[in-house]
Amino acid sequence: METHTLLTNWILLKNTMYKTTEIASSEIVSDNPVHQRLLFPYIEAAKMVSGDLLEIGCGTGRGVAVLAPSVTNYTGVDKNEPLMTKLTAEYPSFKFIDMFLPPLKGIADNTFDYIVTFQVIEHIEDDLAFIKEAHRVLKPGGKLILTTVNRKYSLSRNPWHVREYLADELKNLILKVFPTIQTKGIHGNPKVMAYYEENKRSVEKITRFDIFNLQYRLPRWMLQIPYDIANRMSRDIIQKSDGKLVSDITWQDYFINDDAENCFDFFYIATK
């Protein structure tokens, strides 16, 4: 129930004038570094995937056009009926399904060659069931490509997230279900790191007023809107003080290597 409430609140915010920072927009200038960071794994995954692909948590469809040329069939699932209808109209040859998950209702065992799921598992209450469902619907030898934030580099508590992971925590969770895994990390070049440090200073200016450490003591639902307001303020402040630092970052300023301990996001590839 808690996961449903969390996702429902998220959807409501997406469909209002208020733009939650949890869904970084390609149209909001101050969101650009995060948007590019979220776009990057799609570009990397497009080099790896083929055949029948499932995207768990396709969201606004940020990566559909990036992945499409690499695959034979694309299926996207997310809990947002208007958005799934919109994406179906935009990509009539692909399949989009509106569903809460887990489970992956109505999807047969051994269906997909690849699954991509980017920045989703941190929103899922039963993360083990989530991994089990991904394993179930993959064909033998199929691969799960998963990203999520590295808790080590989070600047504050994100109340939209049920949890965040350290590298070994996520690895051990996935290895409960999958026999093999490659653990990689998404990093940023000096340009990205300069933005990160500036954002860190901005966040610290805001969180210093939290003298009772309420961000870790209050329930998530009470903190979601205040968090987004503070996060939007921080991004806008940086954009206004150094617009070039924000606007000049592209997906090419991110890269993957084998260092999964010290990265922004994990990029894990598990094989069934």
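## Close-up views of a predicted model

Lys 139 is partly exposed, with a relative accessible area of 24%. We'll come back to that residue in the second view; keep in mind throughout that this is a predicted model.

**View 1. Arg 232 and Asp 31 pair up in a salt bridge.** The gap here, from N to O, is 2.7 Å. Arg 232 belongs to helix α8 (residues 220–241), while Asp 31 sits in the loop between α1 (2–14) and α2 (32–45), so their pairing ties together parts of the chain 201 residues apart in sequence. Arg 232 and Asp 31 are buried. Counting by the same rule gives 16 salt bridges for the model.

View 2. Buried or partly exposed? With a relative accessible area of 19%, Asp 52 counts as buried, because the cut-off for buried is under 20%. Lys 139, at 24%, is partly exposed.

**View 3. Glu 169 and Arg 151 form a salt bridge.** In this one, the closest N and O atoms are 2.9 Å apart. Glu 169 is in helix α6 (residues 167–175) and Arg 151 is in the loop between β5 and α6, so the two tie together parts that are 18 residues apart in sequence. Glu 169 is partly exposed, at 38% relative accessible area, and Arg 151 is partly exposed too, at 34%. Elsewhere, salt bridges with shared partners join Asp 31, Arg 232 and Arg 235 into one network.

**View 4. Helix α5 (residues 127–137) has a set of buried residues.** Look for Asp 127, Phe 130, Ile 131, Glu 133, Ala 134 and Val 137, which are buried in this helix. Viewed down the axis of α5, the buried residues fall within an arc of 160°, so they line one face of the helix. What covers them? The cover over the buried residues of α5 includes β1, β4 (112–118), β5 and α6.

**View 5. Helices α7 and α8 cross each other.** The axes of α7 (residues 190–207) and α8 come within 9 Å and cross at roughly 130°. The two helices are therefore oblique to each other. As for handedness, α7 passes α8 in a right-handed crossing. From α7, the residues that meet the other helix are Tyr 195, Glu 198, Asn 199, Ser 202, Val 203 and Ile 206. Their counterparts in α8 are Ala 230, Ser 234, Arg 235 and Ile 238.

**View 6. Thr 147 is buried in the model.** You'll find this residue in strand β5, and its relative accessible area is 0%. Which residues is Thr 147 in contact with, leaving aside its neighbours within four places in sequence? They are Pro 41, Thr 117, Phe 118, Gln 119, Val 120, Glu 122, Ile 186, Phe 266 and Phe 267.

**View 7. Two cis peptide bonds follow one another, from Leu 101 to Pro 102 and from Pro 102 to Pro 103.** The Leu 101 to Pro 102 bond has omega near -5°, and the Pro 102 to Pro 103 bond has omega near 5°. Pro 102 is found in the loop between β3 (95–98) and β4, and Pro 103 lies in that loop as well. Why point these out? Most peptide bonds are trans.

**View 8. Asn 110 and Gln 119 have a positive phi.** Most residues other than glycine have a negative phi. For Asn 110, phi is near 55°. That residue is in the loop between β3 and β4, where Asn 110 is partly exposed with a relative accessible area of 40%. For Gln 119, phi is near 55°. Gln 119 belongs to the loop between β4 and α5 and is buried, with a relative accessible area of 14%. Gln 119 is also one of the residues in contact with Thr 147.

Key. Residues are numbered from 1 along each chain as its sequence is written. This is a predicted model: local features need pLDDT of at least 70, side-chain atom pairs count only at pLDDT 80 or more; totals for chains, interfaces and linings use all residues. Side-chain values use heavy atoms; hydrogens and water are left out. A salt bridge is a side-chain nitrogen of Lys or Arg within 4 Å of a carboxyl oxygen of Asp or Glu. Helices (H or I, at least four residues) and strands (E, at least two) are DSSP runs, numbered from the N terminus. Buried means under 20% relative accessible area, exposed over 50%, partly exposed in between (1.4 Å probe, protein chains only). The arc is that of the directions from the helix axis to the C-beta atoms. Contact means heavy atoms within 4.5 Å. Axes are lines fitted to C-alpha atoms, for helices over the stretch in contact, and angles run from 0 to 180 degrees between N-to-C directions. Angles under 35 degrees count as roughly parallel, over 145 as roughly antiparallel, 65 to 115 as roughly perpendicular and the rest as oblique. A crossing is left-handed if the near helix is turned anticlockwise from the far one by less than a right angle, and right-handed if clockwise.
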